[in-house]
Each structure stands twice: as structure tokens, then as C-alpha cells.
Amino acid sequence: MEQQAGARGGRDLSRRTVAQRLDIPLEMARHHGIPPFWSADQLAAFLADPPAWYVQSRANRTGKRPVWVELRCAICGTSETLRPKKWWPEFSMVSCSWHGADELPPVPEGARRREVDGIGAFVGIVDEPTS
């Protein structure tokens, strides 16, 4: 659930959405007491005067791996934001798991294609050069 009506009639952001906007893991948001729902005003106040743990977290980021990635189906455009896994290869594209391989763009000349299951609601597509 992305948003839910708040007590004041506004639209609240889920903890997951807040974690994505702060670019922190969901586990870190829970650990530091971010409640299940925040208003946009609460998020703005947090960003205007961030606590020490968040400042330190940002300072420790090396930028090598993103905390969240948005995957978008190459066929229909459906998207999902997920935490990337260390075992994921670099995908050429992703497609929803219910699409058939015949719906994908053709394999590039001089490449072979492999599919990686278990990427949220997607199948990762990796086009690799043939040796």
C-alpha cells in the first residue's frame, strides 16, 4: 500500500515509501523508529533537520550500490521498486513474469540470452556476447 488516508484527511506515505525517498533500507527505517505512516510534512521536517543517525548514514554511503532500484518491464512498462540483491547480474532488461519470451525484443546479433527468475514480479533478461 503506497498511501493511505491520514487522520487529518491528508495522504500519508508508507514506511516503505519514506525509506525509498530517504534512500535507506526498510530495516533501518524500522530500527530508527520511523512509524508505519508519515505525512509529507513530517518527511519534509525530517529532511530539513535530519537526526544524527541519518546524517552519518549518508556520510557512510560509498555510492557503489544503490539502496533501491526501479525496475520497469520492457514490454508493458509496469514498474516496481526493489532492494537490489548482490547476486543479481546486470540486466539488459526485465519483463513481467507473465509475459512470454516471444514478446521480448529480439536477441542482439552475436549475443545469447538468459533469463533470471525471482526478481520481484519480474524476470531479469541478460543478453551476453557469445564467445
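**Figure 1. Helix 1 passes helix 3 in a right-handed crossing.** The view is taken from a predicted model. Helix 1 comprises residues 15-22 and helix 3 comprises residues 40-48; their axes come within 12 Å and cross at roughly 30°. On the side of helix 1, the residues that meet helix 3 are Val18, Arg21 and Leu22. Their partners in helix 3 are Leu43, Phe46 and Leu47. An α-helix has 3.6 residues a turn, so residues three or four places apart point the same way.

**Figure 2. Helix 1 is mostly covered.** Six of the eight residues of helix 1 are buried. These buried residues are Arg15, Thr17, Val18, Ala19, Gln20 and Leu22. They pack against several helices, namely helix 2, helix 3 and helix 4. They also pack against strand 2 (11-14), strand 3 (37-39) and strand 5.

**Figure 3. Asp23 has a positive phi although it is not a glycine.** The phi angle of Asp23 is about 60°, and this residue comes just after helix 1. Asp23 is placed in the loop between helix 1 and helix 2 (26-31). With a relative accessibility of 23%, Asp23 counts as partly exposed.

**Figure 4. Ser57 lies in helix 4.** Helix 4 spans residues 52-60. Is Ser57 buried or exposed? Its relative accessible area is 15%, so Ser57 is buried. When neighbours within four places in sequence are left aside, Ser57 is in contact with Ile24 and Met28.

**Figure 5. Ring pairs link Trp38, Phe46, Trp53 and Tyr54 into a cluster.** The structure holds six aromatic pairs. In one of them, the ring centres of Phe46 and Tyr54 are 5.2 Å apart. The planes of these two rings stand at 65°, so the pair is edge-to-face. Both partners are buried: Phe46 has a relative accessibility of 10%, and Tyr54 has one of 8%.

**Figure 6. The rings of Trp87 and Trp88 form an edge-to-face pair.** The centres of the two rings are 6.5 Å apart. Their planes stand at 90°, and the pair is therefore edge-to-face. The two residues fall into separate classes of accessibility. Trp87 is exposed, with a relative accessible area of 51%, whereas Trp88 counts as buried at 14% relative accessibility.

**Figure 7. The charged end of Arg83 sits over the ring of Trp68.** The distance from this charged end to the centre of the Trp68 ring is 5.9 Å.

**Figure 8. Cys73 is in no disulfide.** How many disulfides does the structure hold? The number is zero. For Cys73, the nearest cysteine sulfur is that of Cys76, at 3.7 Å. For Cys76, the closest cysteine sulfur belongs to Cys96 and is 3.7 Å away. Cys73 counts as buried, at 4% relative accessibility, while Cys76 is partly exposed, with a relative accessible area of 41%.

**Figure 9. Arg65 is found in the loop between helix 4 and strand 4.** Strand 4 covers residues 69-72. Arg65 is partly exposed, with a relative accessible area of 40%. Not counting residues up to four places away in sequence, Arg65 touches Pro84, Lys85 and Lys86. Between Arg65 and Val107, the separation is 42 residues in sequence and 28 Å in space, from C-alpha to C-alpha.

**Figure 10. Phe91 lies in the loop between strand 5 and strand 6.** Strand 5 covers residues 79-82, and strand 6 covers residues 93-96. Phe91 is buried, with a relative accessible area of 18%. Which residues is Phe91 in contact with, leaving aside its neighbours within four places in sequence? The contacts are Val116, Ile119, Gly124, Ile125 and Val126. Phe91 and Ala121 are separated by 30 residues in sequence, and their C-alpha atoms are 15 Å apart in space.

How values were computed: Residues are numbered from 1 along each chain as its sequence is written. This is a predicted model: local features need pLDDT of at least 70, side-chain atom pairs count only at pLDDT 80 or more; totals for chains, interfaces and linings use all residues. Side-chain values use heavy atoms; hydrogens and water are left out. A disulfide is a pair of cysteine sulfur atoms within 2.5 Å. Buried means under 20% relative accessible area, exposed over 50%, partly exposed in between (1.4 Å probe, protein chains only). Helices (H or I, at least four residues) and strands (E, at least two) are DSSP runs, numbered from the N terminus. Contact means heavy atoms within 4.5 Å. Rings of Phe, Tyr and Trp (its six-membered ring) pair if their centres lie within 6.5 Å; planes under 30 degrees apart count as stacked, over 60 as edge-to-face and the rest as tilted. A charge sits over a ring if NZ of Lys or CZ of Arg is within 6 Å of the ring centre and within 35 degrees of the ring normal. Axes are lines fitted to C-alpha atoms, for helices over the stretch in contact, and angles run from 0 to 180 degrees between N-to-C directions. A crossing is left-handed if the near helix is turned anticlockwise from the far one by less than a right angle, and right-handed if clockwise.
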